[in-house]
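Colleague: I have a model open in my viewer and would like to talk it through. Could you take my questions one by one?

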Amino acid sequence: YLVGYNLIHIRAESQKQLSAKQRHEVKNFSRNMLVGTEIVTDTPEELTLQVLLSYPELSIQSALRRMSIITVSMHRDAITALKEFDRLQAKEVATTDNEVDRFNLYIVRQLKTAIQNPRIIKEIGLQNARDCLGYRLVTKSVERTADHAASIADNVLQLSKQLETDTIEKLQEMSSIAISMFETAIEALFRQDYALAESIVEKTREVISLEREAVVSSQKMDVEDAPHVRLIIESIRRTAEYASDIAEIVLNLTVESILS
């Protein structure tokens with residue numbers, strides 16, 4: 001799928017039959033993770049997957065925008081679950097991570113195909129091979145940001161009780177800046193806006209300053225909950241750092257527009 005094949009045949013080794021469990025797992029993975037894929041043959045001897053989606057139907061920009069919107073929603077839901085000590089909402093965030101992974105695999109597939117066949121680059125909505133590399137790096141940063149949102153939710157589930165209001169407020173303030181940086185960095189990419197991207201890089205210092213305050217606050221809590229709060233703090237900081245990474249990529253992609 002990732003290297004661009006449109007037909008994928010899956011058979012058991014040594015001419016054996018695929019077990020019911022194997023077939024079930026492959027079908028589930030295909031439906032849940034591989035965008036645009038249908039199962040066209042389903043027998044004990046073979047499963048055949050066919051990728052039916054063509055490039056214009058879902059451009060890289062559209063897929064990346066959807067991926068980013070889901071990531072932002074995951075982060076905000078994880079912080080809400082922390083604030084309200086809502087375990088059900090925290091569990092839902094972890095489930096949503098699969099949606100981000102689906103778009104990640106789809107974008108990687110499209111970019112690999114474009115690099116191997118340069119005439120496809122414009123068909124998928126990009127200008128040149130350098131854009132392909134830039135979008136690959138951005139996609140990876142978005143996927144990692146979603147992983148950190150899932151990590152926040154996972155650590156909420158590990159907490160023994162609701163956090164003190166003071167600690168929650170510090171984490172919310174830190175989170176608000178981090179996720180705003182992420183949204184702005186993505187917008188700078190789509191607008192190809194050098195100045196907007198530059199403004200993101202400078203904001204990282206604010207998050208680091210708030211991180212220190214949050215760490216001090218976490219030192220006053222129960223020993224069993226402190227490590228989970230530290231990991232939540234780290235995930236929020238990493239969200240800001242990935243936003244800064246995306247902004248740096250945008251600066252590299254748009255620097256020619258400033259120089260010319």
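Below, the questions run from the overall fold down to single residues.

Modeller: A word on the ground rules before you start: this is a predicted model, where local features need pLDDT of at least 70, side-chain atom pairs count only at pLDDT 80 or more, and totals for chains, interfaces and linings use all residues. Residues are numbered from 1 along each chain as its sequence is written, and side-chain values use heavy atoms, with hydrogens and water left out.

Colleague: Which helix has the highest confidence in the protein?

Modeller: The score here is pLDDT, the predictor's confidence in each residue, from 0 to 100. The protein averages 91, and 98% of the residues score at least 70. Confidence is lowest in helix H4 (residues 120–123), at a mean of 84, while the highest mean, 96, belongs to residues 129–158, helix H5.

Colleague: What pattern does the protein follow along the sequence?

Modeller: Helices (H or I, at least four residues) and strands (E, at least two) are DSSP runs, numbered from the N terminus. The protein has eight helices and three strands. Read along the sequence, they give β-α-β-β-α-α-α-α-α-α-α.

Colleague: In what sense do S2 and S3 pair?

Modeller: Two strands pair if DSSP finds at least two bridges between them. Strand S2 (residues 37–42) forms a hairpin with S3, with three residues between them. Their bridge partners include Glu-38 with Gln-50 and Ile-39 with Leu-49. Over five bridges, the sense of the S2 and S3 pairing is antiparallel.

Colleague: Which residue in S3 does Leu-7 stand opposite?

Modeller: Strand S1 (residues 7–11) also pairs with S3 in the antiparallel sense, over five bridges. Gln-50 is the bridge partner of Glu-38. In S3, the residue opposite Leu-7 is Gln-50.

Colleague: How many of the six residues of S3 are buried?

Modeller: Buried means under 20% relative accessible area, exposed over 50%, and partly exposed in between (1.4 Å probe, protein chains only). Buried residues make up 46% of the 260 residues in the protein. S3 is largely enclosed by the rest of the structure, because the number of its six residues that are buried is five.

Colleague: Which residues have the most contacts inside the largest nonpolar core?

Modeller: A nonpolar core is a set of buried Ala, Val, Leu, Ile, Met, Phe, Trp, Tyr and Cys residues joined through side-chain atoms within 4.5 Å. The residues with the most contacts inside the largest core, which has 77 residues, are Leu-64 and Leu-171. Among the elements that give two or more residues to this core are strand S3 (46–51), helix H2 (60–84) and helix H6 (165–191).

Colleague: Is Val-207 buried or exposed?

Modeller: Val-207 is found in helix H7. Counting contact as heavy atoms within 4.5 Å, Val-207 touches Met-174, Ile-177, Ala-178, Met-181, Arg-237 and Ala-240, not counting residues up to four places away in sequence. Its relative accessible area is 1%, so Val-207 is buried.

Colleague: Why does Glu-211 count as buried?

Modeller: Glu-211 lies in helix H7 (residues 194–218). Leaving out residues up to four places away in sequence, Glu-211 touches Met-174, Ile-233 and Arg-237. Glu-211 counts as buried because of its relative accessibility, 14%.

Colleague: Where is the place of Val-35?

Modeller: Val-35 counts as buried, at 8% relative accessibility. Residues up to four places away in sequence aside, Val-35 touches Tyr-1, Val-51, Leu-53, Leu-58, Arg-102, Phe-103 and Tyr-106. The place of Val-35 is the loop between helix H1 (20–33) and S2.

Colleague: Over the ring of which residue does the charged end of Arg-109 sit?

Modeller: A charge sits over a ring if NZ of Lys or CZ of Arg is within 6 Å of the ring centre and within 35 degrees of the ring normal. The charged end of Arg-102 sits over the ring of Phe-103, 5.9 Å from its centre. For Arg-109 the distance to the ring centre is 5.0 Å, and the ring is that of Tyr-1.
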